Amino acid sequence: MTHRLIEFFVGLLFGFGLLLSGMTDPGKVIGFLDVFGNWDPSLAFVMAGAIAIGLFAFALAKKKTSTFLGTELHLPKYNKIDKPLLVGALLFGAGWGLAGFCPGPAIVSLASGQSKAAVFVIFMVFGMLVFERFSQFFIEKRSNP
Amino acid sequence: MEIDWNHFTPWTSLLGGVLLGVASSVFILLSGRILGISGILGGILNPRKGDVGWRISFLLGLFAAPWLGYIFMPESLFQTPRIESGMSSIAIAGLLVGFGTRYGSGCTSGHGVCGLSRLSIRSMAATVTFMLAGFVIVYVLKHLL
């Protein structure tokens, strides 16, 4: 039960972060990606703030064999840059630029009642299901991020 | 390149980013998981026994964020979303993001925040790739078409 509560509050905190950062505003995301137009650099500040904190936590996590609660620590070990990684990132980036939504902010915007976010999430889940259904054709050996 | 000063929000974006970093840090150190939205959601679509509860708790927290956020945080802190893409673009973008993030093993949170924080070569390659794809798509849509 403690674990379920922690996960819930981490999700909540992450959602607050997305709302506050401006990531839930597709116009802001597209404004950041529009480097040759009227550029809004805000999202660089989001990344800087997040990574400044994350660097310490992940440096610590790499030294540990289990979490502070004694549970298994799942750190990815696979470190090969392969075709699925790059093609997947290319497709994701294209979709991100097209609508200004990435998965987290889309879910938060769906929860705040944006109808276009709902359409986005439905098609996103469908895209994920297509991957799950046909993953054996795309990837021989599944790897985690 | 010119800066869009009207929409530039360095402080709220930095603070939002810090919250994303704190959430990702708590998640790896207490729950032992990478906070990657596409991976967390995708894992539910192909469920394995004992591997679903934590994903649901996290997503419920994310879903609750705008509801609790609007109650506890000053409204002035939140951006009003600007969603200019049409429904067909939104749908295509959703498909690309859903499939691409699963094929490429991550999105902005898993690769961008957690991956860069743990200095993963794979995540750096993915982040550069999806950002470049985003820059190109936005350039084409805004300046060529």
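Tutor: Start with α2(A), whose buried residues are Pro26(A), Lys28(A), Val29(A), Ile30(A), Gly31(A), Phe32(A) and Leu33(A). Keep in mind throughout that this is a predicted model. Seven of the eight residues of α2(A) are buried, so the rest of the structure largely encloses this helix. What do the buried residues of α2(A) pack against? They pack against α3 and α4 of chain A, together with α6 of chain B. The surroundings of this helix therefore come from both chains, as its packing partners include α6 of chain B.

Two of those neighbours, α4(A) and α6(B), also meet each other. Helix α6 of chain B covers residues 121–144, and its axis comes within 7 Å of the axis of α4(A), crossing at roughly 40 degrees. The crossing of α4(A) over α6(B) is right-handed. On the side of α4(A), the residues that meet α6(B) include Leu85(A), Leu86(A), Ala89(A), Leu90(A) and Phe92(A). On the side of α6(B), those that meet α4(A) include Arg122(B), Ala125(B), Ala126(B), Thr129(B) and Phe130(B). By class, the residues of this contact of α4(A) with α6(B) are 16 nonpolar, four polar and one charged.

One residue of this contact can be followed further. Leu85(A) lies in helix α4 of chain A. Leu85(A) counts as buried because 23 other C-beta atoms lie within 10 Å, where the cut-off for buried is 20 or more. Leaving aside residues up to four places away in sequence, Leu85(A) touches Gly104(B), Ser105(B), Arg122(B), Ala125(B) and Ala126(B).

Ser105(B) deserves a stop of its own. Ser105(B) sits in the loop between α4 (87–103) and α5 (108–117) of chain B. Ser105(B) has 28 C-beta neighbours inside 10 Å and so counts as buried. Its phi is near 60 degrees, a positive value in a residue other than glycine. Most residues other than glycine have a negative phi. Leu119(B) also has a phi near 60 degrees, again positive in a residue other than glycine. Leu119(B) is in the loop between α5 and α6 of chain B.

Helix α1 of chain A, residues 2–21, packs with helix α3 of chain B, residues 53–72, at an angle of about 40 degrees and with the axes 6 Å apart. That angle makes α1(A) oblique to α3(B). The crossing of α1(A) with α3(B) is right-handed. The residues of this contact comprise 16 nonpolar, seven polar and two charged.

The chains are also joined by strand pairing. Strand β1(A) pairs with strand β1 of chain B, residues 2–3, in the parallel sense and over two bridges. Within that pairing, Trp39(A) has Ile3(B) in β1(B) as its bridge partner.

Now step back to the contact between the chains as a whole. 108 residues of chain A are in contact with 111 residues of chain B. The elements of chain A that each supply at least two residues to the side touching chain B are α1, α2 (26–33), β1 (38–39), α3 (42–63), α4 (83–99), α5 (103–111) and α6 (115–138). The side of chain A that touches chain B has 69 nonpolar, 29 polar and ten charged residues.

Finally, here is each chain in outline. Chain A has six helices and one strand, in the order α-α-β-α-α-α-α along the sequence. Chain B has six helices and one strand, in the order β-α-α-α-α-α-α. Of the 145 residues of chain A, 53% count as buried, while the figure for the 145 residues of chain B is 51%. The C-alpha atoms of chain A fill a box of roughly 45 × 40 × 35 Å along the principal axes, and the C-alpha trace of chain B spans about 50 × 40 × 35 Å.

Methods. Residues are numbered from 1 along each chain as its sequence is written. Chains are lettered from A and ligands numbered from 1 in the order in which they are written. This is a predicted model: local features need pLDDT of at least 70, side-chain atom pairs count only at pLDDT 80 or more; totals for chains, interfaces and linings use all residues. Axes are lines fitted to C-alpha atoms, for helices over the stretch in contact, and angles run from 0 to 180 degrees between N-to-C directions. Helices (H or I, at least four residues) and strands (E, at least two) are DSSP runs, numbered from the N terminus. Angles under 35 degrees count as roughly parallel, over 145 as roughly antiparallel, 65 to 115 as roughly perpendicular and the rest as oblique. A crossing is left-handed if the near helix is turned anticlockwise from the far one by less than a right angle, and right-handed if clockwise. Ala, Val, Leu, Ile, Met, Phe, Trp, Tyr, Cys and Pro count as nonpolar, Asp, Glu, Lys and Arg as charged, and the others, Gly among them, as polar. A residue is buried if 20 or more other C-beta atoms lie within 10 Å of its own, exposed if 12 or fewer, and partly exposed in between; C-beta atoms are placed from the backbone. Two residues are in contact if their C-beta atoms, placed from the backbone, lie within 7 Å. Two strands pair if DSSP finds at least two bridges between them.
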